[in-house]
Amino acid sequence: MAVSPDPPTEGARIFISYSRRDCLELADALFDGLTLARFRPFLDREGISYGEKWRERLSAEIEAADTILFVISPAAVGSEICEWEVAHAIELGKRIVPVYGLDTDHAAMPQNLRDRNYIDFRPNQNRFARLRELDSTLRRDEAWIRQHPRLTEQALLWRNTGASDDGLLTGARLREAEAWAETRPAEAPRARGSSLRHDP
């Protein structure tokens with residue numbers, strides 16, 4: 001049984017992971033470009049209120065995101081926060097798209113980013129052309145990928161409310177989720193079992 005998700009009514013949610021120390025201007029440019037392309041990007045300087053618990057908010061935004069955009073730079077690959085953001089995204093089975101912001105020692109990159117193809121946004125590149133490449137990448141398999149945060153949210157709600165039977169996917173909802181997982185496009189991230197079956 002194939003899953004035919006409803007067409008998205010809003011742009012995909014994109015979480016931008018970057019370091020303020022050396023890629024602030026590029027992060028702002030990516031935010032503006034993605035907004036113009038009708039995506040819904042999240043940038044920590046734009047979306048977190050003063051006094052808000054920032055780590056909890058970042059965690060929630062990563063969980064809700066369709067894709068994580070990681071801006072590669074020397075400061076980012078050495079950042080504990082950026083490392084945590086990537087690790088949390090991988091734990092949740094999120095799609096991660098690396099963007100090369102500044103020349104960076106390949107050996108210093110997190111292991112789980114080294115083997116991923118990146119979009120080159122370094123200063124010597126044509127930024128407009130790279131934005132078009134990014135737009136095309138983010139729209140690939142969009143309908144399938146946008147189901148992932150919905151299932152992740154259900155799994156996390158189940159886990160955070162004591163793993164009661166009330167939150168389990170059963171019957172038609174479970175079959176729909178399993179069918180969605182089976183139709184995974186080749187380049188899409190593999191769904192985590194906890195997102196579907198809510199295994200403890």
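**Exercise 1.** What pLDDT does the protein average, and what percentage of the residues score at least 70?

*Solution.* Begin with the term: pLDDT is the predictor's confidence in each residue, from 0 to 100. The average is 77, and 65% of the residues score at least 70. Next, look at residues 1-9, where the pLDDT is below 50. Residues 193-200 also have a pLDDT below 50. Where pLDDT is low, the predicted coordinates should not be read in detail.

This is a predicted model, in which local features need pLDDT of at least 70, side-chain atom pairs count only at pLDDT 80 or more, and totals for chains, interfaces and linings use all residues. Residues are numbered from 1 along each chain as its sequence is written, and side-chain values use heavy atoms, without hydrogens and water.

**Exercise 2.** Find which residues touch the most other members of the largest nonpolar core.

*Solution.* First, the term: a nonpolar core is a set of buried (under 20% relative accessible area, 1.4 Å probe, protein chains only) Ala, Val, Leu, Ile, Met, Phe, Trp, Tyr and Cys residues joined through side-chain atoms within 4.5 Å. The largest has 20 residues, and Ile-16, Leu-30, Leu-34, Leu-69 and Leu-134 touch the most other members. Then take Leu-134: leaving aside neighbours within four places in sequence, Leu-134 is in contact (heavy atoms within 4.5 Å) with Leu-30, Leu-34, Leu-69, Val-97, Ile-119 and Phe-121. Apart from this core lies another, of 18 residues, including Phe-42 and Leu-113.

**Exercise 3.** Decide whether Arg-95 is buried or exposed.

*Solution.* Arg-95 counts as buried because its relative accessibility is 10%. A polar atom of the Arg-95 side chain lies 3.1 Å from the backbone oxygen of Arg-140.

Methods:
Buried < 20%, exposed > 50% of the residue type's maximum accessible area, 1.4 Å probe, protein only. Polar contact = N/O pair within 3.5 Å; in protein donor to acceptor, adjacent residues only side chain to side chain.
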